[in-house]
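Me: Please examine the model shown below and answer a series of questions about its architecture and about selected residues.

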Amino acid sequence: MALDSHSPLHRRDLLKLSALGSATFFTHTESARLLAPARRRPNERLRLAVVGCGGMGKSDLDGCMGEEIVALCDVDTKMAEAARAQCKEARFYADWRDLLEAEADLDGVVVSTPDHSHAPIAAAAMRRKLAVRVQKPLTHTVAEARLLASLEREMGVVTQMGNQGTAMDGFREGTEVLRSGAIGDVHTVHVWTNRPIWKQGQPRPDGAEIIPENLRWDLFLGPAPYRPFHSGYHPFHWRGFWDFGTGALGDMACHLMNLAFSGLELGAPDSVRVEAQDAKNDETAPTKSILRYAFPARGKWGPVELVWYDGGHRPPQALLPADTKWSAGGSIFVGSEGVMYVDDDYGARYRLLPDDKFGAYRPPTPFLPRVPMVMGADGKPRPSWQITAEWLAAIRGEGQTSSGFARYAGPFTEAVLLGNVALRAGGELRWDAGAMRVKDRPEADQLLDKRYARGFSVRGTQVVR
């Protein structure tokens, strides 16, 4: 795919590589070439690198500590201190491009950077035939999600998005309950979060601040357009800025919508409509919003409307018993025979309503595989590490990941990020998934993609400095 490093992805090139399939959780009809051959003998530790080893990356690193961590990378040496102290033998890099050029014997790369850098790093690693694990959301744009799904098919590597609920027993049971039809034909899903808990709905900070000695600001910017350093971006509030993050929707929907995509096998939406948003501007995501996704009928199931709420908005109280205490984030599935109330971010804890109808309900016999619980050094279970264990096992040739890019995470991320395209463009978007375009909205089409600055690209490892 011949792309200029300063140009956005071209839709025609992406469509040559792949056609969007439905987001199907745990299918077994994929070609065997999607699973890369094991690079180590079963008793050998995998050789891994972690890019973005501070913040969330430290948690991802902890889940890999049974393997050999040969390299760490972070643009902020202060944030990387804990990881470097934990992995004293690992070589440290500020620039992930240097890491990939220097480390010739890797099995996999964990990508835990800000959203805008996910796709360039993952694409470069995948083209080296390395397994990759990328924090949620998988990518910064719709076009990048399509690209990474295509690259998995092309390169035959093991991939995984880090939406950890996917591997939890409660999530898989919830998927089985929905697919078994316990609450009938689900026609509406309400999903909410208490995010943002970072700055949104505001203009770019005024002025410039001195770049801290511990930070490579040029590398933090990566593929984003240049702007002066300000502490209002790093290390946390970048999430709300369109150049770096994906706002409350991108940050949390890959957790909170996950059970709907898995249990209802939703695939691509027909449309996304903005019902409300506050403080719309070109720099940041809104302070609060409501979005309505319309998904078509699938097989024996009818169409589904999924409503997203953030910034304090919530579904109608009448959907739940009057004494129900609202969780910070969750979802409500409304079916022809009942309601499922999920009161956690990961979709791992549910309750069927009304109580008098479902009080004696027993879930179906499990038909999805379960990932063994991972224990910490203190002997306590670590549910958030189960998904990492699934990825590590798949690299060894033992099964496949449940949130792989081609089969699930790519199409899922596309659907989620269409909501951000709608927020930025306003109004309603009618989506043509096969052509990867917004019908009759060319100005919205431009937001499916982005331009890459300073030699960064999604074509592979770049050496421009």
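Reply: In this predicted model, the protein holds 14 helices and 15 strands. I am ready for questions on the details.

Me: What average pLDDT does the protein have, and which stretches fall below 50?
Reply: Of the residues, 90% score at least 70. The pLDDT is below 50 over residues 1-6, a stretch with 25 contacts in the model beyond near neighbours in sequence. Residues 16-22 are also below 50, with 16 such contacts. Where pLDDT is low, the predicted coordinates should not be read in detail; the average for the protein is 91.

Me: What percentage of the residues in the protein is buried?
Reply: A residue counts as buried when its relative accessible area is under 20%. The protein has 465 residues, and the buried share of them is 60%.

Me: Among contacts between residues at least 6 apart in sequence, what percentage joins residues at least 24 apart?
Reply: A contact here requires heavy atoms within 4.5 Å. Among contacts in the protein between residues at least 6 apart in sequence, the share that joins residues at least 24 apart is 69%.

Me: How many strands form the open sheet, and which strands stand at its edges?
Reply: The open sheet has nine strands with mixed pairing, in the order β13-β12-β11-β7-β10-β9-β8-β14-β15. Each edge strand has a single partner, so one of its sides is left without a neighbour in the sheet. The strands in this position are β13 (350-353) and β15 (437-438).

Me: Which strands pair with β8, and over how many bridges?
Reply: Strand β8 covers residues 271-278 and pairs with β9 in the antiparallel sense; in that pairing, glutamine 277 stands opposite serine 289. Strand β14 (residues 428-432) also runs antiparallel to β8, and here valine 272 stands opposite leucine 429.

Me: Which residue of β15 stands opposite aspartate 432?
Reply: β14 and β15 pair in the antiparallel sense over two bridges. Opposite aspartate 432 in this pairing stands arginine 437.

Me: Where does tyrosine 293 lie, and which backbone oxygen lies 2.9 Å from a polar atom of its side chain?
Reply: Tyrosine 293 lies in strand β9 (residues 288-295) and is buried, with a relative accessible area of 1%. Beyond residues up to four places away in sequence, tyrosine 293 touches residues including Leu249, Met257, Val304, Ala415 and Val416. Tyrosine 293 and valine 416 are 123 residues apart in sequence, yet 9.4 Å apart in space, C-alpha to C-alpha.

Me: Is threonine 246 buried or exposed, and which side chain joins its own in a polar contact of 2.9 Å?
Reply: Threonine 246 is placed in the loop between α8 (217-221) and α9 (247-256). With a relative accessible area of 2%, threonine 246 is buried. Leaving aside neighbours within four places in sequence, its contacts are Asp115, Pro137, Thr139, His140, Arg239, Asp251, Leu417 and Asn420. The side chain that joins that of threonine 246 in a polar contact of 2.9 Å belongs to aspartate 115.

Me: What separation is found between the C-alpha atoms of glycine 108 and arginine 47?
Reply: Glycine 108 lies in strand β4 (residues 108-111) and is buried, with a relative accessible area of 0%. Leaving aside neighbours within four places in sequence, glycine 108 is in contact with Arg47, Leu48, Ala49, Ala131 and Trp391. Glycine 108 and arginine 47 are 61 residues apart along the chain, and their C-alpha atoms are separated by 6.8 Å.

Technical notes. Residues are numbered from 1 along each chain as its sequence is written. This is a predicted model: local features need pLDDT of at least 70, side-chain atom pairs count only at pLDDT 80 or more; totals for chains, interfaces and linings use all residues. Side-chain values use heavy atoms; hydrogens and water are left out. Helices (H or I, at least four residues) and strands (E, at least two) are DSSP runs, numbered from the N terminus. Buried means under 20% relative accessible area, exposed over 50%, partly exposed in between (1.4 Å probe, protein chains only). A polar contact is a pair of N or O atoms within 3.5 Å; within protein, one must be able to donate a hydrogen and the other to accept it, and residues adjacent in sequence count only if both atoms are side-chain atoms. Two strands pair if DSSP finds at least two bridges between them. pLDDT is the predictor's confidence in each residue, from 0 to 100.
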